[in-house]
Amino acid sequence: RRMNPNPILARHPIHLGPGATAVTEPEFTGMEWYQGYMQRHAPDGTEGRLVSMFSFDAPWEGWEVHPNGHEVVICTAGELTLIQVVVGKQVRTTLRPGEYAINPPGVWHTADVSARATAVFITAGAGTEGRPRR
C-alpha cells in the first residue's frame, strides 16, 4: 500500500521506536485503532512512543493513565485545561498555543475544553488504561 508522501498528523499518527526509528501509522479510525497499534509495536515495549494530534470542542469523556512512561501534551490551537490527579488532588493546568504539560507515569488525567482546541500528544502507550469521567 502506498502512503501519502506528506501525511497529515491528525489522520496518520507516528510511532517512535527503539534505535531512533519513526514510522507513519495507518489512518486513525477511532478507539479500536489503538488495539492494532499496540499489536504492531508490542516488541517495542515501554520504549515505543505514539505521536498524535487531536482536536476537541468539548470536555473529554474519560480519564486515562499511562503507567509505563511520561506523556507530553502540546497545545497547538485554542485552549485546554489539563486535569491531573496528583496525590489524591486534582491539579488544573491551562494550556494555550505553544505551551505544554507532562503527564507523569501513573497519573490519571483528563481535560476540559470550552471551545475548539488542538493538541499534539507524545505518549508512552504501553499499558494505558481508561475509565469514564464522572
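Modeller: Let's start with the element names: helices (H or I, at least four residues) and strands (E, at least two) are DSSP runs, numbered from the N terminus. The model is predicted, so local features need pLDDT of at least 70 and side-chain atom pairs count only at pLDDT 80 or more, while totals for chains, interfaces and linings use all residues. Residues are numbered from 1 along each chain as its sequence is written, and side-chain values use heavy atoms, with hydrogens and water left out.

Colleague: Why is Ala 20 called exposed?

Modeller: Its relative accessibility is 79%. Exposed means over 50% relative accessible area, buried under 20%, and partly exposed in between (1.4 Å probe, protein chains only). Ala 20 is therefore exposed. Its phi is positive too, about 60°, although Ala 20 is not a glycine.

Colleague: And what makes Val 87 exposed?

Modeller: Val 87 has a relative accessible area of 81%, so it counts as exposed. You'll find Val 87 in the loop between strand 6 and strand 7 (89-95). Phi of Val 87 is a positive value near 50°, in a residue other than glycine.

Colleague: How do you know that Asn 103 is buried?

Modeller: Asn 103 has a relative accessible area of 1%, so the word is buried. Asn 103 belongs to strand 8 (residues 100-103).

Colleague: What makes the link between the side chains of Asn 103 and Gln 84 a polar contact?

Modeller: The distance is 2.7 Å. A polar contact is a pair of N or O atoms within 3.5 Å; within protein, one must be able to donate a hydrogen and the other to accept it, and residues adjacent in sequence count only if both atoms are side-chain atoms. The Asn 103 and Gln 84 side chains are joined in this way, and a polar contact of 3.4 Å joins the side chains of Asn 103 and His 109.

Colleague: Which residues is Asn 103 in contact with, leaving aside its neighbours within four places in sequence?

Modeller: Contact means heavy atoms within 4.5 Å. On that basis Asn 103 is in contact with Gly 69, His 70, Glu 71, Val 73, Leu 82, Gln 84 and His 109.

Colleague: Is His 66 buried or exposed?

Modeller: A relative accessible area of 4% puts His 66 among the buried residues. His 66 sits in the loop between strand 4 and strand 5. Not counting residues up to four places away in sequence, it touches, among others, Glu 71, His 109 and Thr 128.

Colleague: What about His 41: buried or exposed?

Modeller: Buried, because its relative accessible area is 14%. His 41 lies in the loop between helix 1 and strand 3, and a polar contact of 2.6 Å joins its side chain to that of Glu 25.

Colleague: Why is Arg 116 called exposed?

Modeller: Arg 116 has a relative accessible area of 55%, so it is exposed. Its loop runs between strand 9 (109-112) and strand 10.

Colleague: What makes a set of residues a nonpolar core?

Modeller: They must be buried Ala, Val, Leu, Ile, Met, Phe, Trp, Tyr and Cys residues joined through side-chain atoms within 4.5 Å. The largest such core here has 13 residues, and Leu 80, Leu 95 and Phe 121 have the most contacts inside it. Strand 5 (71-77), strand 6 (80-86) and strand 10 give two or more residues to this core; strand 10 gives the most, with three residues. In soluble globular proteins, nonpolar side chains tend to be buried together.

Colleague: And what counts as a pocket?

Modeller: On a 1 Å grid over the protein atoms alone, a pocket is an open set of points where a 1.4 Å probe fits, with protein on both sides within 12 Å along at least five of seven lines; lining residues have an atom within 4 Å of a point. The largest pocket has a volume of about 760 Å³, a volume being the space filled by probe spheres set on the points. It is lined by 27 residues, with Met 31, Tyr 34, Phe 54, Trp 60 and Glu 64 nearest its centre. Strand 3 supplies the largest share of that lining, four residues.
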